[in-house]
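Please look through the sequence and the structure shown here before reading on. The paragraphs below then go through them part by part.

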Amino acid sequence: MALLEVNDLRTHFFTREGVVQAVDGVSFSLERGKTLGIVGESGCGKSVTALSIMGLIPRPPARIVSGSVVFEGRDLTTLREHDLEDVRGNEIAMIFQDPMTCLNPTLRIGTQITETIRRHKGVSKAEARKRAVELLDEVQIPNAAGRLDDYPHRYSGGMRQRVMIAMALSCNPKLLIADEPTTALDVTVQAQVLDLLEQLRQEYGMAMIIITHDMGVVAEAADDIVVMYAGQVVEQASVLELFDHPEHPYTEALLGALPQIEGEGIREGRLTAIPGRPPDLIRPPTACRFGPRCPYADDEDRCTKENPELRELRPGHLVRSAHPTSERSRADTRMAVP
Amino acid sequence: MSSNGALLSVTDLHKHFPVREGLLIERTVSEVKAVDGVSFDIPEGETLGLVGESGSGKSTTGYCILQLLKPTSGSVRFLGEELTGLSREAMRRMRRELQIVFQDPYASLDPRMTVGDIVAEPLVVHSIGDRRRRRDTVRELLDVVGFNPNFTNRYPHEFSGGQRQRIGIARALALNPKLIVCDEPVSALDVSIQAQILNLLKDLQRDFGLTYLFIAHDLAVVRAMSDRIAVMNRGKLVEIGLAEEVYTNPQEDYTKALLSAVPVPDPRRMKERKAERRRLRGALADTLAT
């Protein structure tokens with residue numbers, strides 16, 4: 001049995017302007033000890049997916065309208081708040097993008113770490129403090145015991161994210177959800193934090209969901225990748241398969257749009273920009289959501305009439321497109337080159 | 001033009017900020033050397049990429065060149081004139097040739113001005129053309145940057161980040177400048193939109209012979225844009241050279257560490273790079289801020 005199974009999850013926001021279909025039929029599963037990368041651009045629904053798993057979506061305006069989040073056989077969407085609190089922070093922990101705003105500036109670092117431990121483990125204050133020092137040590141904060149009584153403003157961005165990681169690990173969770181954990185950090189600090197996450201994930205035998213807009217970060221950290229666009233999964237595969245044989249025109253375009261750090265003729269070349277912008281999720285296209293920006297979409301065919309199903313093109317490789325790379329004829333490809 | 005033929009020559013530029021303490025009686029207790037002896041030239045028509053991590057002093061360097069911050073010492077020569085000694089009026093006139101595109105297209109456009117007024121403002125300030133001529137110029141500029149000229153009466157909030165950045169670029173182009181300082185122009189944008197803006201900046205450089213100082217923290221973005229690259233760390237220029245050489249054969253440990261830390265969208269290469277960056281980190285523990 002998979003550790004986590006998300007089935008046809010739909011999280012909608014009911015706003016005055018209309019219903020925003022932020023997450024619209026997302027399914028994936030995650031095995032114990034594995035890392036899943038969810039990648040996509042802003043507004044694609046990747047963070048709302050994570051918050052829905054954690055039961056942290058703001059209600060109202062948001063609501064899980066259908067679907068299930070099955071964690072170790074229990075559907076988290078049906079749990080009462082109190083039961084959910086036993087899972088959250090304990091069995092599933094989460095770290096967020098902005099370590100600057102996630103820590104309470106008026107509480108000492110130590111207080112914030114021991115809070116979680118005491119809520120879930122029911123240990124004494126002294127015991128929780130001892131554990132907090134161990135944790136700070138483990139996330140490589142120098143002089144951990146001495147820094148426990150500091151306030152967050154004494155910590156740099158990289159160190160704060162380490163504190164967040166320490167707090168997330170405090171109860172030995174089975175699943176860690178990291179939502180853009182390194183986006184606010186400098187590139188050298190990002191590398192350290194990613195290395196640390198990988199090392200701890202192995203030590204603790206955790207599964208991890210890493211949510212990011214950065215194709216480089218998933219290439220580094222993930223075993224499997226889900227690509228999201230406009231609230232839906234458009235492609236899913238193992239990391240090597242996805243980068244070796246991207247099938248969805250969006251995945252392909254996203255990879256083409258990335259400037260490269262290695263190679264020749266980079267200065268002279270142009271990037272393959274994706275024209276237009278993602279659709280309004282209040283009124284998404286009834287047909288393929290990527291259709292309006294897709295170089296292969298054709299007025300005559302299904303692209304403008306129906307939203308393609310997510311289908312298994314090869315074992316383990318799912319794609320939601322009428323024009324995956326491997327099914328494209330030469331003529332299509334020629335047409336698309338401007 | 002200066003003696004060595006460069007459009008812009010920066011020599012031994014310093015910018016120090018005082019650190020003050022005390023509630024009632026403030027006194028200066030120390031200084032932060034945000035820019036600490038930076039020198040470089042940019043020949044006309046070229047792009048110099050200025051790359052570094054947060055706090056390295058790259059944006060401060062840009063502001064000091066534009067005299068938006070007054071340098072503590074050093075020289076900034078542009079079109080053969082020393083900018084650091086210019087009067088306010090002379091500098092105002094000089095700004096026709098020297099423009100900037102800011103990082104955050106959400107904060108750098110006045111929300112109470114229409115798109116047309118924003119792009120026309122530099123023309124008004126420098127009393128160029130009459131009302132009608134300016135309106136035509138604004139439409140042309142917006143067209144050039146790929147923004148629908150029929151939207152001149154709308155307000156910035158109606159547009160996405162990418163579209164707003166196009167407005168910011170049109171404003172920078174309005175006076176037909178020689179040099180544009182691009183300060184993190186795409187870091188607030190999604191990848192697919194980022195590519196549109198980078199391509200636009202490349203096209204404009206080709207069509208108008210622009211010279212760029214391109215400031216960014218993203219090493220891949222800088223490489224895509226730059227002929228030469230300068231790496232900054234803690235206010236100092238660590239390394240400067242042709243883009244190809246700096247990236248394929250970095251000389252300084254800091255540059256090596258910086259480059260090795262970038263995640264690349266290739267899982268196989270990533271394995272090798274991870275090993276490399278672990279090796280380098282040991283050698284560099286003290287140079288890097290945690």
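The model is a predicted one. Chain A contains 12 helices and 12 strands. Its radius of gyration is 21 Å, close to the 20 Å given by the globule rule for 338 residues, so chain A is as compact as a globular protein of that length. The C-alpha trace of chain A spans about 70 × 50 × 40 Å along its principal axes. Of the 338 residues in this chain, 48% count as buried. Among the contacts in chain A with a separation of 6 or more, 63% are between residues 24 or more positions apart.

Some details of the backbone come next. Most peptide bonds are trans, and most residues other than glycine have a negative phi. In chain A, the bond joining R59(A) and P60(A) is cis, with omega about -20 degrees. The bond from P60(A) to P61(A) is also cis, and its omega is near 10 degrees. P60(A) lies in the loop between helix 1 (46–54) and strand 4 (62–71) of chain A, and P61(A) is found in the loop between helix 1 and strand 4 as well.

E72(A), which is not a glycine, has a positive phi of about 50 degrees. Its place is in the loop between strand 4 and strand 5 (74–75) of chain A. E72(A) has 16 C-beta neighbours inside 10 Å and therefore counts as partly exposed. In chain B, S127(B) has a positive phi of about 45 degrees without being a glycine. S127(B) sits in the loop between helix 3 and helix 4 (131–144) of chain B, and with 7 C-beta neighbours inside 10 Å it counts as exposed.

Helix 3 (residues 115–125) of chain B packs with helix 5 (residues 161–173) of chain B at an angle of about 30 degrees, their axes being 7 Å apart. These two helices of chain B are therefore roughly parallel to each other, and their crossing is right-handed. Helix 3 contributes V115(B), I118(B), V119(B), E121(B) and P122(B) to the contact, while helix 5 contributes I167(B), A170(B) and R171(B). By class, the residues of this contact are six nonpolar, no polar and two charged.

Finally, there is the contact between the chains. Here 37 residues of chain B are in contact with 38 residues of chain A. On the chain B side, the elements that give two or more residues are helix 6 (191–208), helix 7 (219–225), helix 8 (243–248), helix 9 (253–261) and helix 10 (267–284). Helix 6 of chain B supplies the largest share of that side, eight residues. The side of chain B that touches chain A has 21 nonpolar, eight polar and eight charged residues.

Methods: Residues numbered from 1 in each chain as written. Chains lettered and ligands numbered in written order. Predicted model: local features only at pLDDT ≥ 70, side-chain atom pairs only at ≥ 80, totals over all residues. Contact = placed C-beta atoms within 7 Å. Helix = DSSP H or I, 4+ residues; strand = E, 2+ residues; numbered from the N terminus. Nonpolar A, V, L, I, M, F, W, Y, C, P; charged D, E, K, R; others polar. Axes fitted to C-alpha atoms, helices over the stretch in contact; angles between N-to-C directions. Parallel < 35°, antiparallel > 145°, perpendicular 65-115°, else oblique. Left-handed = near helix turned anticlockwise from the far one by under 90°. Rg over C-alpha atoms; globule rule 2.2 N^0.38 Å. Buried ≥ 20, exposed ≤ 12 C-beta atoms within 10 Å, placed from the backbone.
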